[in-house]
Amino acid sequence: KSFLFDLGDTPRNLLKLGLLTTVSDEEPRRLTEAERPSERAKELAKELMEEIVSSATDRLQRPNSLRGDELEPYPLSVCAYAFAKVGILPSSNGHKDASAFWIALSEVATSILGEFAALVEEDGNEITEAHPYLQKAKGGGKRSRQGLGMAGPKAQDLSNLAWALATAQLDADHPLWDALAPLCAYRAPEMTPQGLANSAWAFAKVGSDHPVMFRKISQVCLSQGMKDFTPPDLAQLSWAFSRFGFNDAHLFEKICDQTALKAARFDPKGVSTSLLAFASLNNLDFLTRVPARVLCAQTAPRLCEYTGEQLARLLSAGLSLGAFESAGMDGWGREVRKHQEERRRLGSGERGQLVEDAASGAEILNLD
């Protein structure tokens, strides 16, 4: 226990303990009976997780107790990512200090990132310039600036932190989003496809609209060609940009092309998310119809994997996109309805909240 309470070590240890508490459920086929953790081991892991949560919260509530290298973007972002990844969230009933942890971390992160955000200049439409310190610290180099004295935030630090905060449902009006947005925009060219998708998704998830950042992410996506974007990346981007009505035809042309090419690799969540996004882009239906029909067609053999809610989304989006007008797609609609009826009969056994009628498309389209 002596080494668990260093803020820099917290994420690594927390992720290991989180895995220990769930591994027997997540990967039962890959582990032998001897390799699976005992119930006592899982109980001890949960106790240690509680100790870590309490310790991290206590230290963040007293920033003066943190070392200089702990008061940097990297340890804060990976700590937030680890807590979100193992499900220690404000809504968690099993962790008494979870809400206090996220409040304390948000306050510390706002103070630190706010100083960096002040170095980025905008003209209202795009990033125009950044202080030389941020340019020198590109990639998070260990260079200090008088009055700041800490490393600049890496692109991955920013996207991880944004994802974690959105997962923790940090309010859209929290000042931390205003500090993150210009930094995400400035670091966007250094982000991976997943980082770009996670950043856009995070701001859209909480409803924090920052047009400059979204515009910059769009430009970077187009410059990268999007060939390396995975189905989850494409689904997240589609949903995030459609959420704020960012209907850039050039961006969605690329997204639609890649979605059609990779449709067979989309999982149920990715299919339903993409179709909902496409259905909300009425003025771009000339781009979205083809990938929407391809997505609908490839779901047929896997409809049994869809939840009732996802099936309702498929029907609503399919109707909005005119998918049933394609040759053979009327049979697809009947299959979706049949599986949806089966989910209704499952009642309380169905995962998640069942949607009673796909005709409630207006409400369904607002789901995350």
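Student: How many helices and strands does the chain have?

Tutor: This is a predicted model, in which local features need pLDDT of at least 70 and side-chain atom pairs count only at pLDDT 80 or more, while totals for chains, interfaces and linings use all residues. Residues are numbered from 1 along each chain as its sequence is written, and side-chain values use heavy atoms, with hydrogens and water left out. Helices (H or I, at least four residues) and strands (E, at least two) are taken as DSSP runs, numbered from the N terminus. On that basis the chain has 16 helices and two strands.

Student: What percentage of the residues of the chain count as buried?

Tutor: Buried means under 20% relative accessible area, exposed means over 50%, and partly exposed lies in between, with a 1.4 Å probe and protein chains only. Of the 368 residues of the chain, the share that counts as buried is 52%.

Student: Which residues have the most contacts inside the largest nonpolar core?

Tutor: A nonpolar core is a set of buried Ala, Val, Leu, Ile, Met, Phe, Trp, Tyr and Cys residues joined through side-chain atoms within 4.5 Å. The largest such core has 93 residues, and its largest share, 11 residues, comes from helix α4 (residues 98-117). The residues with the most contacts inside this core are Trp102, Trp177, Leu180 and Leu237.

Student: Which residues is Trp102 in contact with, leaving aside its neighbours within four places in sequence?

Tutor: Trp102 is buried, with a relative accessible area of 4%, and contact means heavy atoms within 4.5 Å. With those sequence neighbours left aside, Trp102 is in contact with Ala80, Phe83, Ala84, Ile88, Leu89, Pro90, Ala164, Leu165 and Ala168.

Student: Is the aromatic pair of Phe101 and Trp102 stacked or edge-to-face?

Tutor: Rings of Phe, Tyr and Trp (its six-membered ring) pair if their centres lie within 6.5 Å, and planes under 30 degrees apart count as stacked, over 60 as edge-to-face and the rest as tilted. The structure holds seven aromatic pairs. For Phe101 and Trp102 the distance is 5.2 Å centre to centre, with 80 degrees between the planes, and the pair is edge-to-face.

Student: How many disulfides does a search of the whole structure find?

Tutor: A disulfide is a pair of cysteine sulfur atoms within 2.5 Å. Cys79 is buried, with a relative accessible area of 1%, and Cys184 is buried as well, at 0%. The number of disulfides found in the whole structure is zero.
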